[in-house]
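Subject: Structure handover

Hello,

Here is the structure I promised you. Please open it alongside this message, and my notes follow below.

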Amino acid sequence: MKDKNLSENTKAKDEASESVIEGRNAVTEAFRSGKTVDKLFLQDGVRDSGVSSIVRYAKKQDTVISYVSKKLLDEMSETGKHQGVIARVSAYEYSTLEDIFELAEKKNEKPFVFLLDEIVDPHNLGAIIRTADVCGAHGVIIPKNRASGLTPTAVKASAGAVNYVPVVKVTNLNKTIEELKKKGMWFACADMKGTVMYDCDLTGSIGLVIGNEGSGVSRLVKDNCDYIVSIPVKGNVDSLNASVAAGVLAYEIVRQRMLSK
């Protein structure tokens, strides 16, 4: 348990160092101005009116809230004046699902999107956004909780692609899939136990679902997909990095789309 706490504390410090706002007034104004706050770190045990007000703002925006020790906040703080409150803010504003469909319509193409199920490494997120731009996808959809957001690290890893690819943050990935199915989309889930990608019809309006770096696509999301798709493996290692797998599968989609014209 001690090792787990150490790991969580290290992760929290890494996240907070990405792009932070410190202090009650500064964090409150960030919420009031409509800035996207990815995560809120609050001193555990502090429940006064000022903090309660910030919590209300956070819940309205569906911001992830983590209660941590004063010691950890002190270590995160760059100013030494956090007042029990540190917020991690998004480096870029998020798009909407409508933006994705508008982009596809503008290009006169059938929608092609990436859905990322709990990708936690911002480098992977940025790399996938870069791939999405290069392969002509119309957007990337990520969940609000338990996943990396558009931190400066993710933006840097995208090599500028974040300026061209709509990134949408949703509360529930399964509900989003259901919503997009009603718009005629089909969903292919990446899993090593699936049907080899060459044997799947990946043309048409499609969403490519890529799972967590360690555990893959969650069962509920996988069950909601239309295809389970795998990449043929010829070597001794049985899986690929999430962003590499996303690139391989994305270009099979591109290949099939080109042949179907």
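Is the crossing of H2 and H3 left-handed or right-handed? It is left-handed. Before going further, please keep in mind that this is a predicted model.

**The helix pair**

H2 covers residues 24-32 and H3 covers residues 49-60. Their axes come within 10 Å and cross at roughly 25 degrees. Angles under 35 degrees count as roughly parallel, and H2 and H3 are therefore roughly parallel to each other. On the H2 side, the contact uses Arg-24, Val-27, Thr-28, Phe-31 and Arg-32. On the H3 side, these meet Gly-50, Val-51, Ile-54, Tyr-57 and Ala-58. Sorted by class, the contact has six nonpolar, two polar and two charged residues.

Thr-28 touches Ile-54 and Tyr-57, leaving aside residues up to four places away in sequence. Its relative accessibility is 12%, so Thr-28 counts as buried; the cut-off for buried is under 20%.

**The four-stranded sheet**

Four strands form an open sheet. Their order is S1-S4-S2-S3, and the pairing is mixed. Strand S1 (20-22) and strand S3 (64-68) stand at the edges. Each has a single partner strand, so one side of each is left without a neighbour in the sheet. On average, neighbouring strands of this sheet are turned by 20 degrees against each other, direction ignored.

S2 spans residues 37-43 and pairs with S3 in the parallel sense, over five bridges. To find this pairing on screen, go to Leu-40, whose bridge partner in S3 is Ile-65.

H2 comes back here. This helix lies across S1, S2 and strand S4 (85-89). H2 runs at about 125 degrees to S1.

**S5 and its partners**

Now move to S5, residues 112-117. Six of the six residues of S5 are buried, so this strand is largely enclosed by the rest of the structure. Both faces are covered. Phe-112, Phe-114 and Leu-116 are on one side, with Val-113, Leu-115 and Asp-117 on the other. Note Asp-117 in that list: this residue is buried too.

What does S5 pair with? One partner is S9, joined to S5 by six bridges, and the two strands run parallel. Val-113 has Gly-207 as its bridge partner in S9. Phe-112 stands opposite Ile-206 in S9. Another partner is S6, which runs parallel to S5 and is joined to it by three bridges. There, Leu-115 has Ile-141 as its bridge partner.

**S9**

S9 covers residues 206-211, and six of its six residues are buried. Ile-206, Leu-208 and Ile-210 point one way from the strand. Gly-207, Val-209 and Gly-211 point the other way. S9 also pairs with strand S8 (residues 186-196), in the parallel sense and over four bridges. Cys-189 marks that pairing, with Val-209 as its bridge partner in S9.

**Gln-256**

Where is Gln-256 found? This residue is in helix H10, residues 242-260. Gln-256 has a relative accessible area of 9%, so it is buried. Not counting residues up to four places away in sequence, Gln-256 touches Met-197, Cys-200, Asp-201, Leu-202 and Thr-203. For a distance to check, take Thr-195, which is 61 residues from Gln-256 along the chain. The C-alpha atoms of these two are separated by 16 Å.

**Two backbone angles to check**

Arg-146 has a phi near 55 degrees, a positive value in a residue other than glycine. Arg-146 sits in the loop between strand S6 (139-143) and helix H7 (152-157). With 60% relative accessibility, Arg-146 counts as exposed.

Ala-159 also has a phi near 55 degrees, again a positive value in a residue other than glycine. Ala-159 lies in the loop between H7 and strand S7 (167-170).

Best wishes

Definitions and conventions. Residues are numbered from 1 along each chain as its sequence is written. This is a predicted model: local features need pLDDT of at least 70, side-chain atom pairs count only at pLDDT 80 or more; totals for chains, interfaces and linings use all residues. Side-chain values use heavy atoms; hydrogens and water are left out. Axes are lines fitted to C-alpha atoms, for helices over the stretch in contact, and angles run from 0 to 180 degrees between N-to-C directions. Angles under 35 degrees count as roughly parallel, over 145 as roughly antiparallel, 65 to 115 as roughly perpendicular and the rest as oblique. A crossing is left-handed if the near helix is turned anticlockwise from the far one by less than a right angle, and right-handed if clockwise. Contact means heavy atoms within 4.5 Å. Ala, Val, Leu, Ile, Met, Phe, Trp, Tyr, Cys and Pro count as nonpolar, Asp, Glu, Lys and Arg as charged, and the others, Gly among them, as polar. Buried means under 20% relative accessible area, exposed over 50%, partly exposed in between (1.4 Å probe, protein chains only). Two strands pair if DSSP finds at least two bridges between them.
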